[in-house]
Amino acid sequence: MSHSLESSTGTSEPVVVIKNYTVPADEAEHFVDVYRENARIMSAQPGFVRSRLHRPLAGGPDARFVHVAEWSSGTDLDRAVVNAEWRASLQRMFDDPSLHITSEPASYRVVVELRPSGGAIETVEDLRRHLQWAIELEHATIPPYLCALYSLDPGRNAEAVQVVGSVLAEEMLHLALAANLLNAVGGEPRLDAPELLPGYPHPLPHGDRSLQVQLVPFGAEALELFLRIEQPAAVGAPPEADEYETIGQFYAAIEAGIRRLCDELGEDAVFTGDPARQVGEFHLRGGGGAVVPVHDLKSALAALTEITEQGEGAARTDVWDGDRDVFHPERDEVAHYYRFQELKHGRRYQTGDTPQSGPTGEPIVVDFDAVMPMRPNPRTTDHPEGSEIRVAQERFNVTYCLLLQQLEEAFNGEPARLGATVGTMYQVKAQAQALMATPLEDGTATAGPTFEYVPPSRRA
């Protein structure tokens, strides 16, 4: 296909694909529809970061478009462009008799990059964009934590189930807090969208691109990934609003932005959202903390504190998150990063322990052999159409996307819809566990959930 990318990039560095498209002006809307379907398939490939289709403001007899797609590496792009489903979709686009397309594709590597100094949040619209990123960030942790949790044998790994399950429940809480923050400043939370389910592996959204989020069963690899995700910011680390090194630095930038805008514009000009859209209760069994309805600077700071202290500990110098342990009320709860340290070292933190000392308390029993051997980063395309595993994976994807749809509805003016998510979460659990108990065709491992986006029109 002369209109495709036929040559290998030959690089493991991040790459950007830029394509120019030209069609007659009266075909522009149809082209956008066809392009969107093609882009949906490509966005499901491992290593895809994001893509955008641009159109000039000025009109003319022909409609010109510029497609820009970012990839984690040229290697990922090289694998993606030979995907049969995508190539067939691309061929259909160029063979469509109602479209007369000319295009010129090319791949690029970044040689110069400029960003605003400090990544400051200067406007309310900047703040809304970053809070949507916060939703995407909090959601990005959920699929890998789900895979680790449901791969565990609960009878032989009860303590590991409690730890991973408590972190997962609190990440769902953080998702609700981020939605409350966005609603409070007049935004509209988006969860039912392809960019929330890119192909695996992929970078943590808007973070350190070397951190690749993976779908793997519980074990040493999963724990190292989780420790990198939850890594506390160093004392004195600067706020980072984009391509942040730690989640704490990202939220520090959001806090700085909210404070600055309130100082410059006044709280009434910042917190313009409808109070009826706030979620007031969203407690999942097994997690600590509470949802904070946000309506002013004080409540916004409380919500941000809840997120950061549960993730990395109070004041960045303590292992404790300020809550009581849900499963052991006589003990203080440690932050997410330190809970994973407990599993890694097989020992609990006790009074007097610090980040430097590590955990020195009672042992935690972790049986690394009592884990379902799920194939890492599974994909539906690994299996023939109509096969038992692929059908089960597709059913799981529909259920998971329904969960995202219900959450989006709940966070956009229908808080009562949160009740419907409970049953859907049980379906997600049952379907994921069934997949992980299903041996692959070659017997080398078991299947697993793929977390691929399914458009609403295909969820019947």
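Reply: Start with helices. Helices (H or I, at least four residues) and strands (E, at least two) are DSSP runs, numbered from the N terminus. The expected span of a helix is 1.5 Å times one less than its number of residues. This is a predicted model: local features need pLDDT of at least 70, side-chain atom pairs count only at pLDDT 80 or more, and totals for chains, interfaces and linings use all residues. Residues are numbered from 1 along each chain as its sequence is written, and side-chain values use heavy atoms, without hydrogens and water.

Me: What should helix H8 span?

Reply: Helix H8 (residues 247–265) has 19 residues, so at 1.5 Å a residue it should span 27 Å. Its end C-alpha atoms are 27 Å apart, which agrees. Just after H8, Gly266 has a positive phi of about 95°.

Me: How are aromatic pairs described?

Reply: By the distance of the ring centres and the angle of the planes. Rings of Phe, Tyr and Trp (its six-membered ring) pair if their centres lie within 6.5 Å; planes under 30 degrees apart are stacked, over 60 edge-to-face, the rest tilted. The count here is 14 aromatic pairs. Tyr145 and Phe340 have ring centres 5.7 Å apart and planes at 45°, so this pair is tilted. Tyr145 lies in helix H5 (residues 142–151) and Phe340 in helix H11 (residues 336–345), so the pair ties together parts 195 residues apart in sequence.

Me: Is Tyr145 buried or exposed?

Reply: Buried means under 20% relative accessible area, exposed over 50%, partly exposed in between (1.4 Å probe, protein chains only). Tyr145 has 0% relative accessibility, so it counts as buried.
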